[in-house]
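Please look through the structure shown here before reading on, and keep the sequence at hand. The paragraphs below it are meant for a reader who has not seen it before.

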Amino acid sequence: MAKKKEIELDPVVVQNKAHMDEIIEEIKSINAHREELKAVCEERVRAITESYQDKDVLQYTRIRHLEEELKVLMDVVPKQETKTQYKVSLLCGDVVLKKATKKLDYDKKKLLEWATSNGRTDLINSKTVDEFKWSEFKSSLAIQEGIGIDGIVDITTGEMLEIDGLSVVNVPEEVVIK
């Protein structure tokens with residue numbers, strides 16, 4: 001039977017890891033509290049919005065009723081008439097009753113299909129979109145680190161690139177807790 005090898009633990013490392021574990025626990029607790037506060041806030045916003053909407057419906061209904069009353073009164077008072085509307089000018093404002101009319105409704109997608117199938121290219125506006133192939137270009141690049149200056153190298157040619165719109169950005173370290 002083989003003898004077990006004893007593992008020696010550095011008490012300072014154990015103490016530091018225990019402290020790190022306490023910090024992680026505190027961060028998780030704070031994040032949970034933040035989520036709870038967010039949920040409370042969202043619930044309050046929902047309740048207030050619901051209350052507002054209930055009151056707004058009443059106000060909207062009252063406005064519609066008053067507008068109908070104005071329409072009835074428009075029939076019994078003198079008014080100015082144009083081709084598209086009736087108008088009564090008052091102290092608080094003007095009452096304008098627009099006459100019923102017709103307008104065209106359309107679905108651009110269906111109309112495009114119709115124009116294409118019927119050879120009406122005069123009604124079709126075509127355009128091309130140029131897009132840079134970043135992922136392809138990026139795979140041929142490497143960052144060349146120098147003394148204080150970083151450069152970009154095309155790994156296929158070995159050429160140092162200096163292109164407006166292409167640069168090296170330093171990304172700071174970040175603590176991630178999972």
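Predicted model: local features only at pLDDT ≥ 70, side-chain atom pairs only at ≥ 80, totals over all residues.

Residues are numbered from 1 along each chain as its sequence is written, and side-chain values use heavy atoms, with hydrogens and water left out.

Leu-66 counts as partly exposed at 37% relative accessibility, where buried means under 20% relative accessible area, exposed over 50%, and partly exposed in between (1.4 Å probe, protein chains only).

Charged side chains come next. Side chains of opposite charge can pair when their charged atoms come close. A salt bridge is taken here as a side-chain nitrogen of Lys or Arg within 4 Å of a carboxyl oxygen of Asp or Glu, and by this rule the count comes to seven. One of them joins Glu-67 and Arg-64, with the closest N and O atoms 2.3 Å apart; because these residues are three apart in helix α1, about one helical turn separates them. Glu-67 is partly exposed at 37% relative accessibility, and Arg-64 is likewise partly exposed, with a value of 32%. Elsewhere, Glu-43, Arg-46 and Glu-50 are linked in a network of salt bridges.

Another salt bridge connects Glu-81 with Lys-99, the closest N and O atoms being 2.8 Å apart. This pair links distant parts of the chain, since Glu-81 belongs to strand β1 (residues 80-81) and Lys-99 to the loop between β3 (94-98) and α2, 18 residues apart. Glu-81 is exposed, with a relative accessible area of 53%, whereas Lys-99 is partly exposed at 26%. Lys-87 and Asp-94 also meet through their side chains in a salt bridge of 3.5 Å, N to O; Lys-87 is partly exposed at 26%, and Asp-94 is partly exposed at 45%.

Helix α2, residues 108-117, is hardly covered, for the count of buried residues among its ten residues is one. The N-terminal end of α2 is capped by Asp-107, a side-chain oxygen of which lies 3.0 Å from the backbone nitrogen of Lys-109. After α2 comes Gly-119, whose phi is positive, near 70 degrees. In the loop between α2 and α3 one finds Asp-122, which counts as exposed at 57% relative accessibility. The side chains of Asp-122 and Arg-120 are joined by a polar contact of 3.1 Å, a polar contact being a pair of N or O atoms within 3.5 Å, where within protein one must be able to donate a hydrogen and the other to accept it, and residues adjacent in sequence count only if both atoms are side-chain atoms.

Turning to the rings, a search of the whole structure finds two aromatic pairs. Phe-132 and Phe-137 form an edge-to-face pair, 5.5 Å centre to centre with 80 degrees between the planes; rings of Phe, Tyr and Trp (its six-membered ring) pair if their centres lie within 6.5 Å, and planes under 30 degrees apart count as stacked, over 60 as edge-to-face and the rest as tilted. Phe-132 is exposed at 58% relative accessibility, while Phe-137 is partly exposed at 22%. Together with Trp-134, Phe-132 and Phe-137 form one aromatic cluster.

The last stop is Asp-154, placed in strand β5 (residues 150-154). Asp-154 is buried yet has no salt bridge, and the nearest side chain of opposite charge, Lys-138, is 15 Å away; Lys and Arg count as positive and Asp and Glu as negative, with His and the chain ends not counted. What Asp-154 does have is a polar contact of 2.5 Å between its side chain and that of Thr-156. Leaving out residues up to four places away in sequence, Asp-154 touches Ser-140, Leu-141, Glu-159 and Leu-161, where contact means heavy atoms within 4.5 Å. Ser-140 sits in the loop between α3 (134-138) and β4 (141-145) and counts as buried at 15% relative accessibility.

Methods. Helix = DSSP H or I, 4+ residues; strand = E, 2+ residues; numbered from the N terminus.
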